[in-house]
Amino acid sequence: MTEAPQGSRGEETADRAERPSGRPWTALWVSALAFPPLALLAAASWSGRWVRPGADDWCFLPAVRDDGVTGLVGKFYFDDNGRVANALLVGAYAKFQVAGHQWFPVVSGVLVLAVLWAVAVLALRRARLRTPRGLPLLLAALTTALFLFVTPNTYKTFYWPAAAVSHTLPPVLACAALIPLLLARSRRGRALAVAVAALMGAFLATLSEETAIVVVMVLLTALLLSGRVVPAPDRGFVRRWCAAGIAGTAAGAVVLITSPGSVRRRERFGAETTSLLAPDSLAASLRAFAEITVTVATTWQYAGAVAVGVLLGLLCGRADGTTPRPPAHAPLLTAAGVLVLLVSGYLCTVIAYPVFGDRVSDPAANRLWNDYLLLYVILLVGAGTLLGLLLRRHTRRTAPAKAACAALCVLVCFGPAVALGNLDTAMRARAEKWDAQDRRLREGAAAGERVLPYERMVISQMLEPFSQGGRSYWPGGCVADLYGLDRVTDGARGR
């Protein structure tokens, strides 16, 4: 929303002459760069046909089948965790049983891409920037690929619906609340944007506690900085929008915290306020967050977010042909972004630590990082954009930088492509065994059997019945409920 100062007439003429966004071939190669991340998303979505229930899904399926989505909402509110919005989304896919799990990756992948694409287009339009035609799609596609597939455990991030509903989709839905803000022009449009911010805040608070923390931190920072970085005509509206989002999140948090299910969960895991704020817990959370930070910061594929940001800075232009300059408050915005990321990430680790303990920093629990990982990727894109604008001001020949960034945008997709191929093979093998056992258990139950053996089929460190050397029965009781049995036994022991 900050206008850049205009250059001299001579500078304007030079900019028009060499503005890359005006060349047709620029739009062509920029659009081609979007193909690798889009191909990753398409291939990953196609592999969704091999997804089969596991872990918590075993318990959701019979609950929704027997009591419907409203029954699951009541179970979450009164018994499990108080996350009523979470129960709504879980019920939406569990209602279709196994088919819902198979379609979930396609639907969620398209949703993530569509939201990020819309935000990119509207944000550039609101900033009065012109770019080559395919650049907003490239921004959205590469951000989506980095967020979903550059993780230690893609299965839990993208394919496991229960984890995706709790940690992958919430930050994307928070980004969706920006769309009415960026579209608002009239008084009615601004009122709608404020209302959406409040409703989305309340929804997110009862969907994911971690994402709610990130949202509040971002909105508080925007509210504090609005006096310096937002133009006076828009300042009041932006402040109302931020305040509405914070108020809505607070209201949803009250519903969540006071729910019987949340109280029971805190008692079960010893996550009362006193234990959360105990010095030992805070120190252990800090160590765990430091380990997470090192893991994420040393994942080189995230450099692709910087690269696509540099391309944006090098290729964008204003409608009159002038070159945009870095915002006057770029250092302040950069420092604020880093601070928000670190504080919100640490607070997310603090509230997750009583449940997960030292495992919160384990790669197998990486789904817990996703609530602030999308913010990390977006900040890297922003940092790259600032770098691209600076390069443009101080370097005459930008072609080498463009070539290097374009190559990096393609290169970062190779590792996830190999990992997705291996995961597809593992998922297919598990699906074939799962389907065979599903038929066996259903036929046995139909024949009047009350106790049947269950073979464990673990994928990507997902929990299965009879884990810990057969000592843990969960979620064996849910498996038995799904098939109408009294109990399942450890098939490995019988064999």
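The structure is a predicted model.

**Valine 165**
- Valine 165 sits in helix α9, which spans residues 161-176.
- Its relative accessible area is 1%, so it counts as buried, the limit being under 20%.
- Beyond its neighbours within four places in sequence, valine 165 contacts Asn86, Leu89, Val90, Tyr93, Phe104, Pro170 and Leu207.
- Serine 208 is 43 residues away from valine 165 along the chain, yet their C-alpha atoms are 8.5 Å apart.

**Asparagine 81**
- Asparagine 81 lies in the loop that links α4 (57-80) to α5 (84-94).
- Asparagine 81 is also buried, at 8% relative accessible area.
- A polar atom of the asparagine 81 side chain is 3.0 Å from the backbone nitrogen of arginine 83.
- Setting aside residues up to four places away in sequence, asparagine 81 touches Phe76, Leu256, Ser259, Gly261, Ser262 and Arg265.

**Nonpolar core**
- The largest nonpolar core holds 138 residues.
- Phe149, Tyr155, Tyr159 and Tyr302 touch the most other members of this core.
- Helix α7 (residues 135-149) supplies the largest share of the core, with eleven residues.
- In soluble globular proteins, nonpolar side chains tend to be buried together.

**Tyrosine 159**
- Tyrosine 159 is one of the core residues that touch the most other members.

How values were computed: Residues are numbered from 1 along each chain as its sequence is written. This is a predicted model: local features need pLDDT of at least 70, side-chain atom pairs count only at pLDDT 80 or more; totals for chains, interfaces and linings use all residues. Side-chain values use heavy atoms; hydrogens and water are left out. Helices (H or I, at least four residues) and strands (E, at least two) are DSSP runs, numbered from the N terminus. Buried means under 20% relative accessible area, exposed over 50%, partly exposed in between (1.4 Å probe, protein chains only). Contact means heavy atoms within 4.5 Å. A polar contact is a pair of N or O atoms within 3.5 Å; within protein, one must be able to donate a hydrogen and the other to accept it, and residues adjacent in sequence count only if both atoms are side-chain atoms. A nonpolar core is a set of buried Ala, Val, Leu, Ile, Met, Phe, Trp, Tyr and Cys residues joined through side-chain atoms within 4.5 Å.
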